[in-house]
Amino acid sequence: MELHWAKGCQIYITPVKRDEVCVALISRDAQLRLDDALPLFPELCKRLAKVEPANLERGAVSATRTLRHVHSGRMALVGDASGSVDAITGEGMCLAFKQALALADAMANDDLELYEEAHRRIRMRPAMMAQMLLTMDRNFWLQTRVLAALAKSPKIYARMLATHVGAGSKKDIATNIVELGWSILTA
Ligand SMILES: Cc1cc2nc3c(=O)[nH]c(=O)nc-3n(C[C@H](O)[C@H](O)[C@H](O)COP(=O)(O)OP(=O)(O)OC[C@H]3O[C@@H](n4cnc5c(N)ncnc54)[C@H](O)[C@@H]3O)c2cc1C
């Protein structure tokens, strides 16, 4: 996939079929449409110039929501209904699948409190990443510095990515933050 970031919006491109890609725009501005945003991405604009749209542009709301409880009695919520992390993380479906597995374990143990605990644990890392990414989205100076630092240090980028998908340890997270901070200051 490709991810392009400009001031105030992101465009990401994902393959859909052999000859079709999905172009998605994320922005805080609910009125912003793809045609208005594309000029902010000249390189992408050039590549998409001769492409025929396969369907109409559609929209959805993205939000970070936390619920106090995700079960009551013998009822439990999974997926976005149980709270969500911002779409900027790209983690929504992964969370839903992990929650479904945790719920199945809790049901097998006949104790939905176990699901409540697992749900909190599963959500922690994506919620932290969402906060970091949204902070970068709000602060263009920081966004530019972080991206420049990551471009300069592919190892830090690879470790940040590992942390994002849950493959890094707590020690890795601390090391990443220190090294990234230093890289930003010296970029
Ligand atoms: C712009 C955007 C980009 C995203 N990008 C990514 C990404 O790259 N990767 C990723 O993993 N996630 C991404 N997500 C998040 C992902 O789409 C959601 O986390 C995921 O779809 C949640 O699945 P769900 O089944 O819990 O809920 P939903 O997909 O919302 O499904 C709920 C379904 O229930 C139906 N429904 C609602 N009310 C009723 C009712 N009363 N009766 C019957 N049916 C009802 C709805 O119509 C809907 O079909 C993105 C989200 C947005 C908005």
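Student: How many nonpolar, polar and charged residues form the shell around the ligand?
Tutor: This is a predicted model, where local features need pLDDT of at least 70 and side-chain atom pairs 80 or more, while totals for chains, interfaces and linings use all residues. The shell residues, each with a heavy atom within 4 Å of the ligand, include Tyr12, Asp80 and Glu91. Ala, Val, Leu, Ile, Met, Phe, Trp, Tyr, Cys and Pro count as nonpolar, Asp, Glu, Lys and Arg as charged, and the others, Gly among them, as polar. The tally is five nonpolar, three polar and two charged.

Student: How far does a backbone N or O atom of Met93 lie from an oxygen atom of the ligand?
Tutor: Residues are numbered from 1 along each chain as its sequence is written, and side-chain values use heavy atoms, leaving out hydrogens and water. Polar contacts are pairs of N or O atoms within 3.5 Å. For Met93 the distance is 2.9 Å.

Student: Which residues of H3 are buried?
Tutor: Buried means under 20% relative accessible area and exposed over 50%, using a 1.4 Å probe and protein chains only. Turned away from the buried side, the opposite face carries exposed residues, including Met93 and Phe97. The buried ones are Leu95, Gln99, Ala102, Leu103 and Ala106.

Methods
Polar contact = N/O pair within 3.5 Å; in protein donor to acceptor, adjacent residues only side chain to side chain. Helix = DSSP H or I, 4+ residues; strand = E, 2+ residues; numbered from the N terminus.
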